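Notebook open, structure loaded. I want to look up the charged pairs, then a few strands and one patch.

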Amino acid sequence: MSLGSRLGIAFMRAIAPLPLPLVRGFGALLGRVLHTIALPRRRVVDTNLAVCFPDKTEAERRRIARETFVYVAQSWLDRSWLWHAPEKVVASRLKVVGAAREIGEIADGDEPMILFAPHFYGLDAAATALTMHTARPSATIYTTQRDPMVDEWIREGRTRFGNVAALNRVDGIKPVLAGLRKGGLLYLLPDMDFGRDQTIFVPFYGVQAATVPSLSRFARLGKAKVVPVVAKLTPGGYEIEVRPAWQNFPTDDVEADTALMNQRLQGYIDTMPSQYYWVHRRFKTRPEGAPPIY
């Protein structure tokens, strides 16, 4: 474990008690600095936006890029109070809205359920909000961090409230399905490119994108309903919208299901494009023979 990790975690603990406007203000400043100096990552964001929003003007895409770096920084600093502030403070900043039936089932139901949680910057806030209000066993899948101290800090933060198991991606599907078959919740973020071996190619904003087909497969194997959860960063904290469960999903066609997932995700993104995780190289894996995008 490095000195930098120790200092970074200590800093996050130190700012946890600060008023939210102060934390957000510092995040806005940090985000503007990152947009200026983090040139390789800015090129990734600019490329993603050009690919996905060719009809927007260059000025519109520049504005979205600047805003997305601010949200990156603000959401990262928000983990200070999400993972270290008193429970009452955390709860006061998280507002769950949306489909009343699904919200009730998340809290008190016993039917296997997958919460489809796309990579908006409020993804950790949404997971915290939902696990704070249910005793149901739930699980999330994570990728191990290189620094053991950082890995432990993130895992403890994400399992702080409720009955949550943090499953390592390398553990495979057995623990995931075991939890679902016992009537548990699975908080799933499958909208990323994890390389050719783990993905299939389906359209995302009209471009063939390597996409993890786990939502369809887990739902089918675990006999689970799929409920979308969209998190929005707001001045007072986060608004977590629970949307109605998808009907007639999954089918026997994994590729069609995964394409439908991307199509619906586009609709969510279009309502707040600055808050999606454009810093990820979404199109890094290309179909055979296709030229690189980045």
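Predicted model: local features only at pLDDT ≥ 70, side-chain atom pairs only at ≥ 80, totals over all residues.

I took a salt bridge to be a side-chain nitrogen of Lys or Arg within 4 Å of a carboxyl oxygen of Asp or Glu. With that, my search of the whole structure turned up 11 salt bridges. Residues are numbered from 1 along each chain as its sequence is written, and side-chain values use heavy atoms, with hydrogens and water left out.

**Charged pairs**

I looked at Asp124 and Arg79, whose side chains meet in a salt bridge at 2.6 Å, N to O. Asp124 lies in helix α7 (residues 123-132) and Arg79 in helix α4 (residues 58-84), so the pair ties together parts 45 residues apart in sequence. Helices here are DSSP runs of H or I with at least four residues, strands are runs of E with at least two, and both are numbered from the N terminus. Are these two partners buried or exposed? My cut-offs are relative accessible area under 20% for buried, over 50% for exposed and partly exposed in between (1.4 Å probe, protein chains only). Asp124 is buried at 5%, and Arg79 also counts as buried at 10%.

Next I checked Lys225 and Glu111, which form a salt bridge at 3.8 Å, N to O. Lys225 sits in strand β8 (residues 225-234) and Glu111 in the loop between α6 (100-108) and β2 (113-116), so this pair links parts 114 residues apart in sequence. Lys225 counts as buried at 15%, while Glu111 is partly exposed at 36%.

I also found Glu241 and Arg243 in a salt bridge at 3.4 Å, N to O. Glu241 is partly exposed at 28%, and so is Arg243 at 23%. Through shared partners, salt bridges join Arg101, Glu105, Glu111 and Lys225 into one network.

**Strands**

I followed strand β6 (residues 200-204), which pairs with β7 in the antiparallel sense over five bridges; pairing takes at least two DSSP bridges between two strands. Phe204 stands opposite Val207 in β7. Two residues separate β6 and β7 in their hairpin, and Tyr205 in the turn has a positive phi of about 55 degrees. Why do I call β7 (residues 207-211) largely enclosed? Four of its five residues are buried, so the rest of the structure largely encloses β7.

**Tyr238**

I placed Tyr238 in strand β9 (residues 237-242). Tyr238 is buried, at 3%. Its C-alpha is 8.5 Å from that of Val96, 142 residues away along the chain.
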